[in-house]
Amino acid sequence: MSLWFSASAVTPQLRVLWGLSTSEAGWLTTIVQLGFVCGTGVAAVLNLADVIPAGRLFSVSALLGAAANAGILAVPGYRYALVLRFLTGFCLAGVYPPAMKMIATWFRAQRGLAIGVIVGALTVGKATPYFVRAMPHVGLRPVVLTSSLGALMAAAIVALWYRDGPFPFGSRPFSWKHVVDVVAVKEWRLATGSYLGHMFELYAFWTWIPLFLGASVAAHAGGRFRAPRLISMLAFATIAIGGLGSVWGGLFADRRGRERLVSISLFMSGSCCILSGLLFGGPLWVLGALAMTWGFFVIADSAQFSTLVTESVPPHTVGTALTIQTSLGFLLTMLPMQLLPLIAQRAGWRWAFAILALGPVVGIAAIRRLAALRAAEIERANLSLQT
């Protein structure tokens, strides 16, 4: 998943190379979202995640994604790069949802933790380009090629050694009805509604936090100090700490309940959306602590939406259900990702992130309805047993 932000991490170099505006540079990441949405849409309609063995789909997709990502070094201009970034996102649609299905075949009792580890791993992977960029004397090529190398290694690991676990999901031939079966499940709709609130915040935060931190540092120093490599390292830490957040979220959810974990995480990350404006322009260690806290909680609940899906839909539609959910979520991310730089251009970065708090508000409302529904179902089941 290091392919995702490989272009974002070197945005300053690409802006100079191709003369891009802030909005145009933002499309280098937004177009990945669009490619991912199209890829997951195709996979959902054709039931690819439930028809093709997950390991095979993962390996081929990672291999093609690595090639599309590396191709950005050979293209003559911005428009060609957008095409390759779209293809990169399209290929990653065959990596992310299948990986969640793959790990779920190995766990039942601790499935929340297991998927949390997967989401934690992809979070650290997405942060990797910023870590490489923060190294001294590292430019465009090492960042892009390191990301492609990571994807090639992932393809090889899964192709050579992965096998489904003892709890595989049933596989059925292709059917258009799979999508209808998934959407008809009310628990799936509520879990996906909360997931959409989560996604409204997540990728806009991940994409623009480096520029936000840089703008805050410049404001604190009167516009003179920028320290790009320090900002890259802080951006890496802010995103990567989400790996720990995902593991913690999985442990907490398995012990205390998924809905409770989601509510806590959304409340904390939504609060950080507002606090970011209050602390903007202050000492870097203060804003850095907020960014790290935000990065921890903003992804801590992500795996639990997927886990709720695996527990709510018919087993033979799990792959399709996960794919539809992620497709809708990543489609929504494009709106705030393009909206934030427009707000920043007109009003500055101080309060640009505040609008993201709308996502957690909607997410909390949906997850509370899901919790009430599941509690009512448990109560009905208990009454049925008593009678």
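## Surface and model

The chain has an accessible surface of about 16,000 Å², and 70% of that belongs to carbon and sulfur atoms. Areas come from the Shrake-Rupley method with a 1.4 Å probe, and for residues only the protein chains shown count as cover.

This is a predicted model, in which local features need pLDDT of at least 70, side-chain atom pairs count only at pLDDT 80 or more, and totals for chains, interfaces and linings use all residues. Residues are numbered from 1 along each chain as its sequence is written, and side-chain values use heavy atoms, without hydrogens and water.

## Overall fold

The chain has 17 helices and zero strands; these are DSSP runs numbered from the N terminus (helices H or I, at least four residues; strands E, at least two). Its C-alpha trace spans about 75 × 45 × 30 Å along the principal axes.

Of the 387 residues, 57% are buried, meaning under 20% relative accessible area, with exposed over 50% and partly exposed in between.

## A covered helix

Helix α15, residues 302–312, has 10 of its 11 residues buried.

## A nonpolar patch

Leu63, Leu149, Leu152, Met153, Ile157, Leu160 and Trp161 form a nonpolar surface patch with about 760 Å² of accessible area together. Patch residues have over 30% relative accessible area and no salt bridge; nonpolar side chains (Val, Leu, Ile, Met, Phe, Trp, Tyr) are joined within 5 Å, like charges within 9 Å. A salt bridge is a side-chain nitrogen of Lys or Arg within 4 Å of a carboxyl oxygen of Asp or Glu.

Helix α8, residues 140–161, gives the most to the patch, with six residues. Leucine 152 lies in α8 and counts as partly exposed because its relative accessibility is 39%.

Conventions: Buried < 20%, exposed > 50% of the residue type's maximum accessible area, 1.4 Å probe, protein only.
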